[in-house]
Every structure is written in C-alpha cells, then in structure tokens.
Amino acid sequence: MTATRTAPATRAAVTAELVTDERVFAALAPAWGRLHARCAAATPFQSHAWLHSWWLSYGRRGRLRLLLVRRGGELLAAAPLMLVRRPLPALVPLGGPISDYADVLLDDGDDGRAADALTEALADAARTALVDFREVRPGGTAQRIHDRWRGPRRTLGDSPCLELPALPMDGLVARLPSQKAQRVRAKLRKLDALGVTRRTVGAEEVDAALGRLLELHRLQWQGRKVTSEHLQPRFRAHLVRAVGPMVRSGNAVVTEFLIDGEVVAVDLTLLSRSLVGGYLYGAHPGLRQRKADVAVMLLDACAEHVAGGGRGTLSLLRGDEPYKHHWRPEPVVNQRLLLARRRTAPLLTAALCDAAARHRGREVLRRWRERGRG
C-alpha cells in the first residue's frame, strides 16, 4: 500500500509518499542507491542492500513504514522506518541492534523543500506513535528533521563510538607514544614473519567467504561470551543477501588473510563517503597461539581503504572496549532523537523516564562492579 501527499502549490514539484508494500521497497534499489550516493552523511547502514536484507530477516509483516520524497521520478529523501508496539508505540529506524548507525537520507543539493516535505510526512505518519531515532551519528541527516520538528522533541546520548582520523597505518602508528608505536611495528613485523598475506574477495566469491568468516567467528569465541545473534541463521542470511550487492556498489569489502595458502581470518569492512568501519571478522584461534596480533592485522587492512579514498573517518564503530583505546581514538556519542506530536507528548515523557531509569541502573551496576574489583 502507498499513500501519496502532494506539497502545497508553491512546492508542487515535490511529493511525499508513505510506502508499506515490501515489493515496492525491493524495487527501490536503483533510485535508493543514487540517493545514497548523493547524501554525504549516509553510512553503509543506510544502503538499500543492507536495509532491505535486514527487513527480510527481521521485519514484521504490516509494520513497514517508508517515507519517500520525490521530485518527478527521482528520490530526494527517504526515511526507512517500521512501526513497533512495545515498549511504546513508535516509529523506529530499520536496521535494529545489528546496525551501528541509523539515519534518514537527504539529497545534498536539497534547498530545504525536501527536508520540509519529509518532516511533514513524518508528522502525518506519527499520528499515534512516538518517533524514536536511535543511534544517529553526530551530524547525521536526521538532525535536520529534528531541527524542523514543530512538536515536543528531545535529544539524548546513545551508544558510544570511537573514531580515528582517516590515515593509513603508518599515520595511525605515528600518533602513538614512541614505546607503543615500537610495539605495533614489532607486531606488524611478526605478521610478515609468519607469512600472513591478504586478498580482497571478488563479488562472485563473497557468499563463500562470508561462510568462512562466520565459522571462524564461531571458533574464535568458542567457550567465551559472544554476541549470540551473530550465530543465528537469520543473521547469516542477512549478511549473505546484503554484502554481495554492497561489494558491487563499493559499500563493503571482504578481505581474507592467509598463511601458506590457508584462510586463517576473514574481515568484513563497510565503506561510505564519510567513513570506513570494520564490522565483523572471524579469526582462527591458532593465530593467537602463533603470537599474531589480530587487532593490528585487521586495522592495518582496514586503514588501507582510507588511503586516497577521501573518507573522513576510520570508525571503530560502537563499543568502548579497552583494546580500541590503544589507538588513541576520539570518543563520539551517537544521538537518540525523540519526536512527538502534542497528542503523543505523554509517550515522549514515558520514553524519557525509561531512559533515565536505565541510566541509573547502569550506574548502580558500574559502581557495584568497581567495588567488587576494589
């Protein structure tokens, strides 16, 4: 089902449309790809291949809410959303917890009319629901919608991310204190001594390489705490559907690491105009037994895609793990943008109360753990 709204007479060339039909979503790939390429703030998690594949694995029938703004036949803006009922009725971005960033798409050449039309369409779609944009990267396009919103609105901090400047490996090492830099160079020499080589996987080989990645990922975490979703069939199906088209469009690269012709690790790095980010990898446990530093090996490969690519950030994506801090990254906190209409203001209040309670709970747990360590 689609519902189309035409802007007022002075803006007759711009139309806003609500799409709930999955078949229409599937057919949007070419137009969506052109819009994605014209939106500098877009991350790989806003690509059509990623979002449509995610919907096929995680979406629920009847909940799709795509807001599209067009001039003529060309997309100028898109908000990929779905309706959820719990814990509150809300419109939330597609992509869910397995996506590090969420956002809307807006043509960089927009003069404000497409952004206005998308904001008005979002207000129409959110008649009885809160709009809850989670994990918006600072400077994300959704901020322009937030700034135009006429009803109650709030901004909260969301997940922490760590980012490095867009430098090749030599530049990243040069930022470190001299002793740490020497240790990293020694680890790089160790990888050379072990005979570690790497190759970029072609689009036609991606499916098989992803199978190896997920099997190595399972092996490396065997007996330890792991993100359980990464071991689920639906996650595997999502990656296999999404990554091949993303490799062909330049939004992803799969790298295999080999010793004596045997694949010992596989890495999936996601790419966009604004950033490079290592998303998921699998490494054979034997690498650590050989004293190979897997983190250094992966960052060396990831940084290769920064050089000459004009990308602004080498992102370590979500998470504040101690090993990431060895590289002296800049902490960047994603934003949670909450938008309500006046009639749904109580939903905004409830969401703020829930967020405050969760924050207090995390603080209590953190202090308890610190006392335990003490």
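Reader: What span should the 15 residues of helix 8 have, and how far apart are its end C-alpha atoms?

Author: This is a predicted model. Helix 8 covers residues 206-220, and at 1.5 Å a residue it should span 21 Å. Its end C-alpha atoms are 21 Å apart, which agrees with that expectation.

Reader: Which residues of helix 8 are buried?

Author: They are Val206, Ala209, Leu210, Leu213, Leu214, Leu216, His217 and Gln220. Viewed down the axis of helix 8, these buried residues fall within an arc of 165°, so they line one face of the helix.

Reader: And what do the buried residues of helix 8 pack against?

Author: Their partners are helix 9 (233-249) together with strand 10 (252-259), strand 11 (262-271) and strand 12 (275-283).

Reader: Let us turn to aromatics. How many aromatic pairs does the structure hold?

Author: There are six aromatic pairs. In one of them, the ring centres of Phe45 and Trp50 are 5.2 Å apart and the planes stand at 85°, so this pair is edge-to-face. Trp50 also pairs with Tyr279: the centres are 5.3 Å apart and the planes are at 85°, so that pair is edge-to-face as well.

Reader: Where do Trp50 and Tyr279 lie in the chain?

Author: Trp50 is in helix 3 (residues 48-58) and Tyr279 is in strand 12, so the pair links distant parts of the chain, 229 residues apart.

Reader: Are Phe45, Trp50 and Tyr279 buried or exposed?

Author: Phe45 counts as buried because its relative accessibility is 2%. Trp50, at 0%, counts as buried, and Tyr279 is buried with a relative accessible area of 13%; the cut-off for buried is under 20%.

Reader: Which residues do the ring pairs link into a cluster?

Author: The cluster consists of Phe45, Trp50, Tyr101 and Tyr279. Tyr101 has a further neighbour, Arg137, which lies over its face at 5.8 Å from the ring centre.

Reader: Which residue lies over the face of Trp221?

Author: Arg224 does, at 4.4 Å from the ring centre.

Reader: A change of topic: where is Leu271, and what is it in contact with?

Author: Leu271 is in strand 11. It is buried, with a relative accessible area of 7%. Leaving aside neighbours within four places in sequence, Leu271 is in contact with Pro44, Gly250, Asn251, Ala252, Val253, Val276, His305 and Arg311.

Reader: I should also like to check the backbone. Which peptide bond is cis?

Author: The bond from Arg86 to Pro87 is cis, with omega near 0°. Pro87 sits in the loop between strand 4 (74-84) and strand 5 (90-93).

Reader: What is phi for Leu317 and for Arg328?

Author: For Leu317, phi is near 60°, a positive value in a residue other than glycine. Arg328 is not a glycine either, and its phi is positive at about 60°.

Reader: Where do Leu317 and Arg328 lie, and are they buried or exposed?

Author: Leu317 belongs to strand 13 (residues 313-318) and counts as buried at 4% relative accessibility. Arg328 is in the loop between strand 13 and strand 14 (330-339), and it is partly exposed, with a relative accessible area of 47%.

How values were computed:
Residues are numbered from 1 along each chain as its sequence is written. This is a predicted model: local features need pLDDT of at least 70, side-chain atom pairs count only at pLDDT 80 or more; totals for chains, interfaces and linings use all residues. Side-chain values use heavy atoms; hydrogens and water are left out. Helices (H or I, at least four residues) and strands (E, at least two) are DSSP runs, numbered from the N terminus. The expected span of a helix is 1.5 Å times one less than its number of residues. Buried means under 20% relative accessible area, exposed over 50%, partly exposed in between (1.4 Å probe, protein chains only). The arc is that of the directions from the helix axis to the C-beta atoms. Contact means heavy atoms within 4.5 Å. Rings of Phe, Tyr and Trp (its six-membered ring) pair if their centres lie within 6.5 Å; planes under 30 degrees apart count as stacked, over 60 as edge-to-face and the rest as tilted. A charge sits over a ring if NZ of Lys or CZ of Arg is within 6 Å of the ring centre and within 35 degrees of the ring normal.
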